[in-house]
Amino acid sequence: MYAELKQKILAASADLGIDKIGFTTAAPFTEMAASLQAQKAAGHTSGFEHQVLAERLYPDKIFEQPQSIIAIALAYPSKIQQQVPRNRKQRRGNFARASWGEDYHFILRDKMQQLVAFIKANTATEARFKPMVDTGELSDVAVAQRAGLGFIGRNGLLITEEFGSFVYLGEIITNIPFAPDTPVENQCGTCTRCVDYCPPQALLGDGRLNAQRCLSYQTQTKGAMAEEFRPLIRSVIYGCDICQLVCPFNRGKDEHRHTRMEPKIEEATPVLQSMLTLSNKEFKQRFGRLAGSWRGKKPLQRNAIIALANVKDRTAVPILLEVIENDPRPMIRATAVWAVAMLARHNEAQLKTFLREHQGKENDPEVQQALLAAITKLSTSVANDQS
Ligand code: B12
Ligand code: SF4
Ligand code: SF4
């Protein structure tokens, strides 16, 4: 009876703009329990995961009498189609691909709502549904893998045959007992490229990662970024795509199936200096619709300051000095002090004088510490220059 409905869903999903769909049982994800527990105990989690372990493992803890789970994937672009303007005095930063176009949570929620409406219209059963994407209880990659959408690579991501890992995932728990599809086994073979190329060596090698070391996580924290990670983010101010870009399964994959996912240049690759003095209103207007704005403007501004130092944009020094003098947030001032020291040439005595004068005005211990480190750095480079 439900085999026919499943066939109808498969046919309709393409019309709804769902790029891949699969079905699995609502059985517990017990095989993940040990890994989830061990990762938490080792301090390898980010804190962004759903925190109640039992609800991650047992679908019946979050849905009354679940019978199956429908998993969906939507493919997103990996290349910007327009020419990004290049200007040495207006260096640009980048958002990772998962933050291109409109926030994917909205797009997937809409698709799942349409799918639910279609199923309701095509069944006489008292059908119930619980859709989720990213912020739900379940592990999206584990559901997708079991539903046959693809395999989980050494980079921890779900890799599909058609679109590589450049897919967003969502799932719908239901009381309809759809027949499950066949899970896809790991196909990494002897490849270890993602593990080898991950700049902070965050990947453990078996599909798990130390999220605390992952640059994607590091760009999303609200406090100061540890100095170890600052040069590693280069010009990326949100997320990280390296373990996807080096993956052979992503070679040549660049899908443009959803207009809402198309990146706009000024959003996806903003001029870094233009980000430093944004008001809250301007920030919301420019970046509010991106997935990467979910933590607010402070982490992105911190990352933009770090990126300016990384790309060696010396034209940014005046605006950074303004930030040090006027920005009310100590973490932002401290990061700007660090960036100024990174951008100073050996003999920029003027900058040292500015920083020394600012020491007298600064009340915050975090900024005082950054000032001391910056002045020491500049003094050492001057001494080295003269020797
Ligand atoms: C928290 C989180 C993060 C954290 C931690 C990531 C992580 N791997 O744990 C941070 C902020 C670092 C992050 C980064 C990114 N994320 Co994220 N993230 C999540 C979130 C919310 C939960 C992940 C989770 O549960 N981790 C649990 C920890 C403890 O994982 P673990 O025990 O190591 O478990 C892993 C293994 O056990 C393995 N596993 C589980 N079952 C099985 C079964 C088999 C057979 C095998 C081999 C392995 C295996 O996979 C598990 C997850 O990696 C999911 C959405 C969701 N609700 O699932 C999105 C999600 C995983 N993220 C996503 C994306 C796109 C990213 C980024 C690419 C974004 C970017 N460009 O910066 C990076 C990639 C980093 C990476 N290599 O993982 C997508 C992935 C899509 C895909 N194709 O797989 C998801 C699914 C969101 C979505 N709905 O589309 N993310
Ligand atoms: S997203 Fe970047 S930092 Fe995180 S695991 Fe992948 S390559 Fe490493
Ligand atoms: S880069 Fe290699 S090891 Fe990593 S996920 Fe892709 S195929 Fe697997």
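Reader: Which residues does Thr160 touch, not counting residues up to four places away in sequence?

Author: Thr160 touches Lys20, Leu149, Gly150 and Val167 once residues up to four places away in sequence are set aside; contact here means heavy atoms within 4.5 Å. Before going further, note that this is a predicted model, in which local features need pLDDT of at least 70, side-chain atom pairs count only at pLDDT 80 or more, and totals for chains, interfaces and linings use all residues. Residues are numbered from 1 along each chain as its sequence is written, chains are lettered from A and ligands numbered from 1 in the order in which they are written, and side-chain values use heavy atoms, with hydrogens and water left out.

Thr160 belongs to the loop that runs between strand E6 (158-159) and strand E7 (167-174). Helices (H or I, at least four residues) and strands (E, at least two) are DSSP runs, numbered from the N terminus. Thr160 is called buried because its relative accessibility is 1%; buried means under 20% relative accessible area, exposed over 50%, and partly exposed in between, using a 1.4 Å probe and protein chains only. The side chain of Thr160 also reaches the backbone nitrogen of Phe163, at 3.0 Å.

Thr24 lies in strand E1, residues 20-25, and with 2% relative accessibility Thr24 counts as buried. The side chain of Thr24 makes a polar contact of 2.9 Å with the side chain of Arg146. A polar contact is a pair of N or O atoms within 3.5 Å; within protein, one must be able to donate a hydrogen and the other to accept it, and residues adjacent in sequence count only if both atoms are side-chain atoms. Arg146 is also one of the residues in contact with Thr24 when neighbours within four places in sequence are left aside, and the others include Ser68, Ile69 and Pro180.

Pro200 is another buried residue, with a relative accessible area of 2%. The loop between helix H6 (193-197) and helix H7 (215-218) holds Pro200. Its C-alpha atom is 6.3 Å from that of Arg213, although the two residues are 13 places apart along the chain. Pro200 touches Arg213, and also Leu215, Phe229 and Leu232, not counting residues up to four places away.

Most residues other than glycine have a negative phi. Asp134, which is not a glycine, has a positive phi of about 65°. Asp134 is in the loop between strand E4 (129-132) and helix H5 (140-146), and is partly exposed, at 39% relative accessibility. Lys312 has a positive phi near 55° and is in the loop between helix H11 (297-310) and helix H12 (317-326). Lys312 counts as exposed because its relative accessibility is 56%.

As for the setting, the protein chain has 15 helices and eight strands. Of its 387 residues, 52% are buried. Among contacts between residues at least 6 apart in sequence, 77% join residues at least 24 apart.
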